[in-house]
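I opened my notebook to get to know a new protein chain. Here is what I looked up, step by step.

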Amino acid sequence: MEWQLMAEEQKDITGMVRKFLENELAPVVKEYEEKGEFPMEVFRKCGELGIWGLDIPQEYGGPGFDL
């Protein structure tokens, strides 16, 4: 999907996710890959921000966004 074709809400979410990944995940990803671990604190922060499961349908309690 082209950036200019996205709805304003999608742009906001995409920007928030990009900022989160740059600030929270990028600095630690190499370390976790080397250890073979999954960064649960990053996973929890995704949940706190409401960006985990964005594609879960509304009838199941999610926001119902497309991928």
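My entries go from the whole chain to a single residue.

**Ground rules.** I am working with a predicted model, where local features need pLDDT of at least 70, side-chain atom pairs count only at pLDDT 80 or more, and totals for chains, interfaces and linings use all residues. I number residues from 1 along each chain as its sequence is written, and side-chain values use heavy atoms, with hydrogens and water left out.

**Fold.** I found three helices and zero strands in the protein chain, in the order α-α-α from the N terminus. Helices here are DSSP runs of H or I with at least four residues, and strands are runs of E with at least two.

**Dimensions.** I noted a radius of gyration of 14 Å for the protein chain, while a compact globule of 67 residues would have one near 11 Å. That radius is taken over C-alpha atoms, and the globule rule is 2.2 Å times the number of residues to the power 0.38. The C-alpha atoms fill a box of roughly 40 × 30 × 15 Å along the principal axes.

**Burial.** I read that 15% of the 67 residues are buried (under 20% relative accessible area; exposed is over 50%, partly exposed in between, with a 1.4 Å probe and protein chains only).

**One residue.** I then picked Pro57, in the segment after α3 (40–49). Is Pro57 buried, exposed or partly exposed? Pro57 counts as partly exposed because its relative accessibility is 33%. Leaving aside neighbours within four places in sequence, I saw Pro57 in contact (heavy atoms within 4.5 Å) with Gly62 and Gly64. From Pro57 to Glu41 I noted 16 residues in sequence and 25 Å in space, C-alpha to C-alpha.
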